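These are my notes from going through the model, one entry per topic.

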Amino acid sequence: MMTHVETLIIGGGPGGLALAYALKGAGQTVAIAEENLWGGTCPNRGCDPKKILLAAVEAKRSAEHMNGQGLNGDPTINWADLMRNKFAYTDSIPGGTLSGLKQTDITTFTGHAEFADDGHVMVGSEEVAADKVVLATGERPRRLDIPGAKYVGTSTDFLNMRELPRRLTFIGGGYIAFELADIANAAGADVSLVLHNDKPLRAFPADLVADLVAQLKTAGVHIYENVDVAKVDKTDDGLVLTDGHDFQLTTDAVIGATGRIANVDTLNLAAVGVEADAHGIQVNDHLQTTNPNIYALGDVAAKRTVPKLTPVAGYDARYLAGQLTGQQADAPISYPAIPTLVFGMPKLAKVGVDVTAAAKESSLTVKKIDMTHWYTYNRIHDAVAKVTVVLNDKQQLVGAAVLSSIADEMINYLTFLINQHATAGDFENQIMAYPSPASDIDYLL
């Protein structure tokens, strides 16, 4: 028996779910298919559980900063209790997500989906025909292709660790490696971070990255640069990482965080003329693939200048809902300035015009400000607090980067100002709660 719907969504993550509810609310017949955990990466094995673990890290480091300043003693993280807290959240996600869809009378399919040669979609043994198909299959961790790769876990494995290894090594120089290394270090593991070059977190200003690296080293993280791990061997003493030259490191567990690849390889996209590669599915500025009746949103779409983040998937979903229901003008998608963060203690954030590129533009002004001894940061004894802002020739804020324990809060304020094309004069006419991070913005512009 074949099911026919107006729109079929493949992928039950945040983007796919947001679109399904929006289309159903507009009166469409909608189906959604998911082959793994309903809810997708973010709530099950990504940003949400990671932030639950980071909550303990933030509390611990904040207390450490205040030790001798009104607080006594250093708190410790109980990994087993912390993971119970994490599982209490994640265990309810798949069932709750599926239940919500069914209560809304959205047709659901659980199983692997792929295109058949006639253009229909097979979900297991179920055949689905749809006027439009939206691909929201996301990404998965990239695995190392080296001898001993079977001993290298992923971020998913780390977030499911019931017991924390005594020695834990992360391979990678991006967001995930830095965030998980910070969590494990604060929880008491002997942490190593192995980088294949000496320029980690390339999307961020090098000076702020250097400060972040210095903070991690001070906290006890061992950082090895310019190492290409060539092999992992299992020995009686643990796992041994080597590079084929002089590098050798023995550890109890290894987590690879060397990027992510789009989930496109098992969809049989060739059958429907959809072009894709490891970076994702090719889309135009209407999120259409090379097949005009098939769309892609979120992380699986290859949009090189747009960060792959959960809020972006939601933004894509709202845009596509308007397009597929005719409730929105047929205009190309346009993104606002989007903040990106490396969560931890401290946090590193950026938004808008790249501050390194801005320094080469005569029409832009770059201001670097050390806020470490400002009242906001002095009162909490933040180890380092710095911001770099970029202003155009109209004195409008167009870019920023922040390093501090509350950089996530500050970057959201700055993002709003960028998207409002605000000037220093505009902000001077606002009265913020004082003292607070928001009241400091007046001194940044």
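This is a predicted model: local features need pLDDT of at least 70, side-chain atom pairs count only at pLDDT 80 or more; totals for chains, interfaces and linings use all residues.

**Asn392.** I find Asn392 in the loop that runs between strand 23 and strand 24. Leaving out residues up to four places away in sequence, I list Ser363, Leu364 and Val398 as what Asn392 touches. The side chain of Asn392 also reaches the backbone nitrogen of Gln396, at 2.8 Å. I checked Pro435 as well: 43 residues separate Asn392 and Pro435 in sequence, and their C-alpha atoms are 28 Å apart.

**The hairpin.** Strand 23 and strand 24 make a hairpin with 5 residues between them. In the turn I noted Gln395, which has a positive phi of about 65 degrees. I then looked up the pairing: strand 23 (residues 386–391) runs antiparallel to strand 24 and is joined to it by 6 bridges. I recorded Lys386 as standing opposite Leu403 of strand 24.

**Strand 24.** Which other strand pairs with strand 24? I find strand 21 (residues 347–352), antiparallel and over 6 bridges. Here Ala349 has Val402 of strand 24 as its bridge partner. I went on to burial: 8 of the 8 residues of strand 24 (residues 397–404) are buried, so the strand is largely enclosed by the rest of the structure.

**Nonpolar cores.** How many residues does the largest nonpolar core have? I get 75, and among those with the most contacts inside it are Trp79, Phe158, Phe178, Leu348 and Leu414. Helix 7 (residues 175–186) gives the most to this core, with 7 residues. Another core, of 47 residues, lies apart from it; I noted Leu8, Ile9, Val272 and Ile281 among its members. In general, nonpolar side chains tend to be buried together in soluble globular proteins.

**Phe178.** I listed the contacts of Phe178, leaving aside neighbours within four places in sequence. They are Gly173, Leu193, Leu195, Pro200, Leu201, Leu212, Val213, Leu216 and Val342.

**Disulfide.** I searched the whole structure and found 1 disulfide. The disulfide joins Cys42 to Cys47, with 1.9 Å from S to S. The link of Cys42 and Cys47 is left-handed, at -130 degrees about the S-S bond. Are the two cysteines buried or partly exposed? Cys42 has 9% relative accessibility and so counts as buried.

Notes. Residues are numbered from 1 along each chain as its sequence is written. Side-chain values use heavy atoms; hydrogens and water are left out. Buried means under 20% relative accessible area, exposed over 50%, partly exposed in between (1.4 Å probe, protein chains only). Helices (H or I, at least four residues) and strands (E, at least two) are DSSP runs, numbered from the N terminus. Two strands pair if DSSP finds at least two bridges between them. A nonpolar core is a set of buried Ala, Val, Leu, Ile, Met, Phe, Trp, Tyr and Cys residues joined through side-chain atoms within 4.5 Å. Contact means heavy atoms within 4.5 Å. A disulfide is a pair of cysteine sulfur atoms within 2.5 Å. A polar contact is a pair of N or O atoms within 3.5 Å; within protein, one must be able to donate a hydrogen and the other to accept it, and residues adjacent in sequence count only if both atoms are side-chain atoms.
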